[in-house]
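I am opening a notebook on this structure. My notes go place by place, in the order I looked things up.

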Amino acid sequence: MNYKKMSIIFLIMIIPISVVLSEYVHNQIDTLTLQTQYKTMLEDSTYDAILAYEMNTMSATVAKGEDNKRYVLASVNTFFNSLATNMGVSGTNSIDLRLYVPAILFTSYDGYYIYSPTKMPKVATDDIGLGATDDNGNIYYLREGNDSTVVKDSSSGTVDTSKATTDMSNAKISYDYMLKPYIYYSASYSDSNKYNLVVNYSLDNHITVYGQIKDASGKFQPFTKSGYLIDYNSITDVINKLKIKKIKRTGFNSSGNPIQVVSDANTEYVEIDGDTAYNYINDYNYTEAPPTANANNYFGTRDGQSYSFDVVTGKRYQTGDQIIEDSVNQGFITSLKYKGQEITDSDALKYYIKAYYFSKWIDENLGGIVKASDINEEIDKNAIVPDDGEDNGINDQIKLSFTSDDKIFDIYDNSDNLINNPDSETSIFTNHRKSVIQNSILYSLNSAISTYSTNMDLLTENRLPIFSQSDWEKILGNIGMTVFLQGIPCGTKTFNDYAIVTSANNNQFINKNNLYFTKSIGGPETTSYNDYHKIDCPAVVTSWFDTIETANPRADISAQFKYDAREVEVKTYSDDDDFWYKKEDGKYYKGNPGGLLYEDKTAEVKNNLYYYDKDSTIYYDSDWNIVNDYTLIGGSREAFEKKLKEIKVYETQEVMTAYLYDHKNTGCYECIVSNNYIPVVKFDEDGEMRRTGLDTDEKLVMEIPDVGGNKWVYDDGTEYTGTVSNRTSDDELNKRKKAWYTYIAKYRNNLHNANTYANR
Amino acid sequence: MEHATEVIFFVLIITVVVLVPIGTIAARSDDVAQQAAQVAVSNFVDTVSNEGQITEEAWTKFQEELPKTHSFEPSIVLEPIDENIGNKSAWTSSSVIGENEKYSIYTSQILDDLEKKGVVPCKAGDTISVSVKNTDTTIYQSVINVLYKVSGKGTSVIGAQATRTIKSNGK
C-alpha cells in the first residue's frame with residue numbers, strides 16, 4: 001500500500017473517533033457551563049432575597065415591634081421571583097421551582113427559620129369556603145382518598161362524615177411549603193444534683209440563661225439572666241461607684257402601712273460598695289437587712305430609711321439594669337478602664353458595667369458546675385447528622401464539644417487566671433456555642449430535607465450537603481440565607497448545589513467587619529469633610545479619638561450606610577495635591593492647597609473654596625457658579641489674587657471612584673472601595689487588637705504576647721525573628737483600641753435596646 | 001480508482017488541516033464573545049440596580065460593550081411592584097418588598113419610553129432582567145454543521161442573561 005492509502009485509512013479511523021470524543025467533550029463543557037449558570041442564578045437570587053430583607057428592615061417606615069417573620073417570608077418570595085425570572089419561567093410557572101428547593105435556611109441573630117415542605121392535614125370547608133367545624137369547635141379534616149374539600153352544608157349545618165373527620169390521625173396529608181416556627185440557638189443542660197437550665201446563644205457573646213440552681217440550703221431556686229459574656233476582670237475603676245435611689249418613709253397611713261416617696265433623683269442617692277452592688281444587681285430579692293413580719297418595718301433599711309424596696313408592694317424599686325443606667329445617666333460613673341483603655345462614652349459604660357456583673361454572676365454560679373457533657377441527651381446528643389467522613393471534621397468537633405467535661409462558663413480559675421475568654425475564637429465557650437448552633441441547624445436541615453426527599457415523590461434522592469469550614473464561618477458570622485437547589489436536569493448531570501449569602505448591612509448584629517469611622521458627618525461642601533475608614537486603615541487620623549468624650553469622631557455600622565452607595569463626582573489624586581472634577585466640561589481643576597481662601601462671605605459668595613480657569617479670570621465657587629461680583633472683607637483684590645495660586649487645567653487624570661454614603665461622607669478608596677491597603681492593626685484569634693509591622697520583604701507581621709515578652713508572627717502563625725519596620729506606635733495602637741472598645745460597646749448596647757421585638 | 005483515492009485523500013486532508021483548526025478557533029472565539037456578552041449584561045443590570053433607573057447613557061454603553069464580532073438581540077424585562085396588591089394595615093409597614101405581585105414591561109415598551117423621555121425610572125424592589133442572544137450564524141456553527149449535521153449542533157448560541165433587584169428609587 002502506498003502512503004496515500006495508509007493515510008486515508010488512518011484518517012478514516014481517526015476522524016470518527018475524534019468527532020465522537022469532541023462531541024463528548026463538548027457535552028461536558030456544555031454541562032459545566034450550564035452548572036455555572038445555574039450556580040450564578042442561585043447566588044444572584046439569594047443575594048436579591050437578602051437585599052430585599054435589608055431594604056425592608058432598614059426602611060424608615062418599619063414599625064417598632066413588627067414581626068421579623070413577615071420580612072423573612074417576603075425575602076423567600078423575592079428569592080423565588082428572582083430565580084424564576086433568571087430562568088425565564090416567571091409568572092405561574094415559578095411555583096414549579098419550589099419542587100427543586102428542598103429547604104431555605106434563614107439565620108438570624110439568636111435563632112433561625114427554615115422554609116420547607118411540611119406535613120399538613122387538609123382542612124375541610126363548607127360550601128361558602130369557611131373551615132368546617134363541629135358544634136364543639138373541632139376542625140374537620142378531609143379523609144384519605146377524598147379530593148373534594150366541601151363537606152358541610154352551611155345552611156343546614158350537616159357534615160358528610162364519610163368525607164371528613166375530626167381525627168387528625170385519619171386525615172389526608174399534603175406537603176405544603178411553609179415557614180416553620182422560629183428555632184432559637186438553644187440547648188438544655190442538667191445535673192440532677194446541681195442545676196437544670198436552658199441557654200439561648202446568639203451569633204456573638206450575648207446569652208440568655210434560665211432555669212433552676214440548687215442553693216446552699218439544697219433548694220432549687222429559679223433564675224433568669226441575660227447579658228453579654230466578657231472577661232470581666234479586664235474592667236477596673238468602676239466597682240465602688242454605683243448608687244441606688246433612696247426611698248423615704250414619710251409616715252403611716254390609716255391602715256398602718258408606711259407612706260413612702262421616692263426622693264429627689266438628684267440628691268437622694270447612696271453609694272453602694274462592690275459586693276453590695278453585685279447583690280443588688282444580680283438578685284432581685286436582695287435586701288441588706290432581713291425582712292420581718294412586722295408591717296411597720298421595711299426591707300433594706302439603713303439610717304432608718306428604706307433603700308430600693310417598695311415596702312407597700314414588697315418589690316424592688318430598681319432592677320439591676322436600672323441601677324446601672326441611673327448611675328451612668330446621673331453622672332456618678334463617668335469612666336472606667338477596659339483592658340487599660342479609658343472608656344467614657346455613656347452607652348459604652350452601661351454595656352461594660354452590665355456585662356461585668358452578668359459575667360461575674362455566670363462565672364461564680366455556673367462556671368464550676370455546667371459541663372459540656374451535661375447537655376440534654378434527648379434533644380442534643382442524638383441530633384448529630386451522619387459522619388461526614390472527615391477526621392476532625394465539623395461533625396467530629398460537635399461530638400467532641402458535647403461529650404467533653406469542659407466547663408463552658410468557667411471564665412477564671414480559682415487563682416483568677418483567665419482560662420476561657422468568651423471573646424476568643426478558640427475558647428471553650430465559643431467552640432461550644434458554635435457547636436450548639438451548628439448541631440441545631442444540621443438537625444433541622446437534615447430533618448427538612450429528608451422529609452422533602454421521602455414525601456415529594458421525586459426521581460432523585462436528596463440529602464443535606466456537607467458544609468465546609470468556610471461555609472460555617474459565613475453562616476455563623478452574620479445574618480444570612482442559605483438556599484439549596486437540587487434535582488434540576490443539567491446536561492449530563494443533575495444540578496445539586498447551595499448558596500450562602502450573608503447580610504453586610506443590617507441593624508441587628510455588629511461584628512468587626514462592619515464598623516467604620518470618620519471625624520464628622522458631612523459632605524464635600526463642609527470644611528471638616530472626611531472619609532469613612534475601617535479601624536485598621538492607615539489613613540485614620542488617630543487624633544480624632546482624642547475627643548471621643550465630646551462625640552466628634554463618629555462611628556457608623558454598615559447598616560447606616562445607604563445600601564445603594566453610588567458613584568459621585570470623582571475626586572482624583574495626584575502626587576502633589578487634590579483635584580476637583582467638573583462634570584460639565586470634563587476637566588480637572590486644582591484647588592488651593594491651603595484650603596480656605598476666605599472665611600467671610602458676601603452675598604454672592606456661597607462657600608469658601610474658589611477655583612478659576614487659567615485661561616480667563618472667571619472665578620467659581622465650589623458649586624461651580626460663576627462669581628462675578630464679590631466684595632473682599634478686608635484687603636484688596638490684588639491681595640486676593642496673590643493668595644490664589646495659579647490653577648492649571650489638566651485634561652487627563654487617573655479617575656478614582658468614590659462611593660457616597662447616606663451621611664454624605666465618601667468611603668476611603670483604599671480600605672472600603674478597593675480593599676487594597678496595609679492594616680496598621682490586626683485582631684488576633686482572641687479578639688485582641690495587635691500592632692503590625694513589615695518584615696524585610698515587606699510582608700505583614702503582627703506582634704503577639706509570648707513568654708518573656710512579645711514576638712512577631714505571620715498570618716499563618718509562623719514566627720518571624722528578623723527586623724521589623726513600619727511598626728505601629730504605642731500611641732496609635734492605644735488610640736485605636738480605645739475607639740474600638742468604645743464604639744463596639746456603644747453599638748452593642750444600643751442594638752440590644754433597639755431590637756426589642758421577638759426574633760431579633 | 002487511483003484518482004478516486006486521491007480525491008478522497010485530499011478531501012480528508014482539507015477537512016483535518018483546514019476545517020478542524022478553524023472550527024476550534026471559532027469555538028474559542030465564541031466562548032470569548034460569550035464571556036464579553038455576560039460581562040456587558042451584568043454591568044448593565046448592576047448599573048440600573050444601583051441607579052434605580054434605565055438611562056439612555058447606560059443603554060448606549062451596554063450596546064457598545066457587547067462584542068462587535070456578532071450581532072445581538074437584547075431583551076429587557078422590567079417587573080415593577082404592583083402597589084395595589086399586598087398586605088396593608090394601619091400599624092405595620094405599608095409595603096414590604098417581596099409581598100406584592102409584579103407585572104411585566106417588555107423590551108419594545110421600555111425602548112419606546114427611553115426614546116421619548118430619555119429615562120425609565122424604577123422603584124426599589126422592582127426586578128430587571130436582561131438577556132442577549134446572537135442573531136447571526138457563527139463560524140463555529142457553520143463549521144460544525146459541515147462536519148456533522150447529524151448531531152444537530154447548529155443550535156449553538158451566544159447568550160447571556162442577568163437579573164437584579166433594584167436597590168433604590170430612580171429620580
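Is A:Ser346 buried, partly exposed or exposed? I looked this up before anything else. The model is predicted, so I keep that in mind throughout. I find 16 other C-beta atoms within 10 Å of A:Ser346. Buried would take 20 or more, and exposed would take 12 or fewer. A:Ser346 is therefore partly exposed.

Next I placed this serine. A:Ser346 belongs to helix H5 of chain A, which covers residues 346–365. The C-alpha atom of A:Ser346 lies 7.4 Å from that of A:Asn329. Along the chain these two residues are 17 apart.

I turned to a sheet of four strands. This sheet is open, and its order is S9-S10-S11-S12 in chain A. The pairing is antiparallel. Which strands stand at the edges? I find S9(A), residues 186–191, and S12(A), residues 220–228. Each has a single partner strand, so one side of each is left without a neighbour in the sheet. From one strand to the next, I get an average twist of 10°.

I then looked at how S9(A) is held to its partner. Six bridges join S9(A) to S10(A), residues 195–200. These two strands run antiparallel. In this pair, A:Ala187 faces A:Val199 of S10(A). What packs on this sheet? It is H5(A), the helix of my opening entry, and it touches S11(A), residues 206–214, and S12(A). The direction of H5(A) makes about 140° with that of S12(A). I also noted the link between S9(A) and S10(A). A hairpin of three residues connects them.

In general, strands of a sheet pair through backbone hydrogen bonds, either parallel or antiparallel.

**Entry: a sheet of three strands**

I looked up another open sheet in chain A. Its three strands have the order S13-S21-S22, with antiparallel pairing. The edges are S13(A), residues 235–236, and S22(A), residues 341–343. Each of these has a single partner strand, so one side of each lacks a neighbour in the sheet. S21(A), residues 336–338, is joined to S22(A) by three bridges. The two run antiparallel. Across this pair I see A:Leu336 opposite A:Ile343 of S22(A).

**Entry: two helices in contact**

At what angle do H3(A) and H4(A) pack? I get about 125°, with the axes 7 Å apart. H3(A) covers residues 274–282, and H4(A) covers residues 320–329. The two helices are therefore oblique to each other. From H3(A), the contact uses A:Tyr280, A:Ile281 and A:Asn282. From H4(A), it uses A:Gly320, A:Ile323 and A:Ile324. I sorted these residues by type. Four are nonpolar, two are polar and none is charged.

Most residues other than glycine have a negative phi. I looked up two residues with a positive value.

A:Asp416 has a phi near 65° and is not a glycine. It sits in the loop between H7(A), residues 394–403, and H8(A), residues 428–455. Is A:Asp416 buried or exposed? It is exposed, because I find 9 other C-beta atoms within 10 Å.

A:Glu698 also has a positive phi, of about 65°, and is not a glycine. I found A:Glu698 in the loop between S36(A), residues 689–694, and S37(A), residues 700–706. With 9 C-beta neighbours inside 10 Å, A:Glu698 counts as exposed.

Chain A has 760 residues, of which 33% count as buried. Its secondary structure comes to 12 helices and 39 strands. I took the contacts in chain A between residues at least 6 apart in sequence. Of these contacts, 63% join residues at least 24 apart.

Chain B has 171 residues, and 30% of them count as buried. It holds four helices and five strands. In what order do the elements of chain B run? From the N terminus on, I read α-β-α-β-α-β-β-α-β. Among contacts in chain B with a separation of 6 or more, 79% are between residues 24 or more positions apart.

Terms used
Residues are numbered from 1 along each chain as its sequence is written. Chains are lettered from A and ligands numbered from 1 in the order in which they are written. This is a predicted model: local features need pLDDT of at least 70, side-chain atom pairs count only at pLDDT 80 or more; totals for chains, interfaces and linings use all residues. Two strands pair if DSSP finds at least two bridges between them. Axes are lines fitted to C-alpha atoms, for helices over the stretch in contact, and angles run from 0 to 180 degrees between N-to-C directions. Two residues are in contact if their C-beta atoms, placed from the backbone, lie within 7 Å. Angles under 35 degrees count as roughly parallel, over 145 as roughly antiparallel, 65 to 115 as roughly perpendicular and the rest as oblique. Ala, Val, Leu, Ile, Met, Phe, Trp, Tyr, Cys and Pro count as nonpolar, Asp, Glu, Lys and Arg as charged, and the others, Gly among them, as polar.
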